[in-house]
Amino acid sequence: PGFDLGKVQDVPEQVAQGMRTIRAAAEKAGRAPGSIGLEVTAAILDRTAEQAAEGVQVWKDLGLTHVTVNTMGAGFSGIEEHLEALRAFKASLSQW
């Protein structure tokens, strides 16, 4: 099961509050809060892969552990364009 912690425009306060709630519930249940990951989906629609990666930085600061990248709907005409966008996104994250 997952939790909807808000959208990017709600960051950081709503998402930070959601993460505090989840971590407190984990502690209450005897689980290590750090064992619960945070995943977001970065969509490459009307922005570059590099811009999408920059947006993910806010989530990383909140404890991001996983990223899904969506290139569907970006107007690409073939698989190579999708793959190139994914490579550019990954390269932008390599500075972490």
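**Contacts, then a helix**

Modeller: Among contacts (heavy atoms within 4.5 Å) in the protein chain between residues at least 6 apart in sequence, 64% join residues at least 24 apart. This is a predicted model, where local features need pLDDT of at least 70, side-chain atom pairs count only at pLDDT 80 or more, and totals for chains, interfaces and linings use all residues. Residues are numbered from 1 along each chain as its sequence is written, and side-chain values use heavy atoms, with hydrogens and water left out.

Colleague: Okay, what does the secondary structure of the protein chain come to?

Modeller: Three helices and two strands, running α-β-α-β-α from the N terminus. Those are DSSP runs numbered from the N terminus: helices are H or I with at least four residues, strands are E with at least two.

Colleague: And how much of the protein chain counts as buried?

Modeller: 27% of the 96 residues. Buried is under 20% relative accessible area, exposed is over 50%, and partly exposed is in between, with a 1.4 Å probe and protein chains only.

Colleague: Switching to α3: which residues are buried there?

Modeller: H82, A85, A88, F89, S92 and L93. They sit on the same side of α3, because they cover an arc of only 140 degrees around the axis; that arc is taken from the directions from the helix axis to the C-beta atoms.

Colleague: What do the buried residues of α3 pack against?

Modeller: β1 (39-43), α2 (49-61) and β2 (66-70). Take S92 in α3: leaving aside neighbours within four places in sequence, S92 is in contact with E50 and A53.

Colleague: Why does S92 count as buried?

Modeller: Because the relative accessible area of S92 is 15%.

Colleague: What's on the face of α3 turned away from the buried side?

Modeller: The exposed residues I79, E80 and K90. I79 counts as exposed because its relative accessibility is 59%.

Colleague: Which residues make the nonpolar surface patch?

Modeller: I79, L83 and L86 make one of about 240 Å². Patch residues have over 30% relative accessible area and no salt bridge, with like charges joined within 9 Å and nonpolar side chains (Val, Leu, Ile, Met, Phe, Trp, Tyr) within 5 Å. A salt bridge is a side-chain nitrogen of Lys or Arg within 4 Å of a carboxyl oxygen of Asp or Glu. Areas are Shrake-Rupley with a 1.4 Å probe, and for residues only the protein chains shown count as cover.
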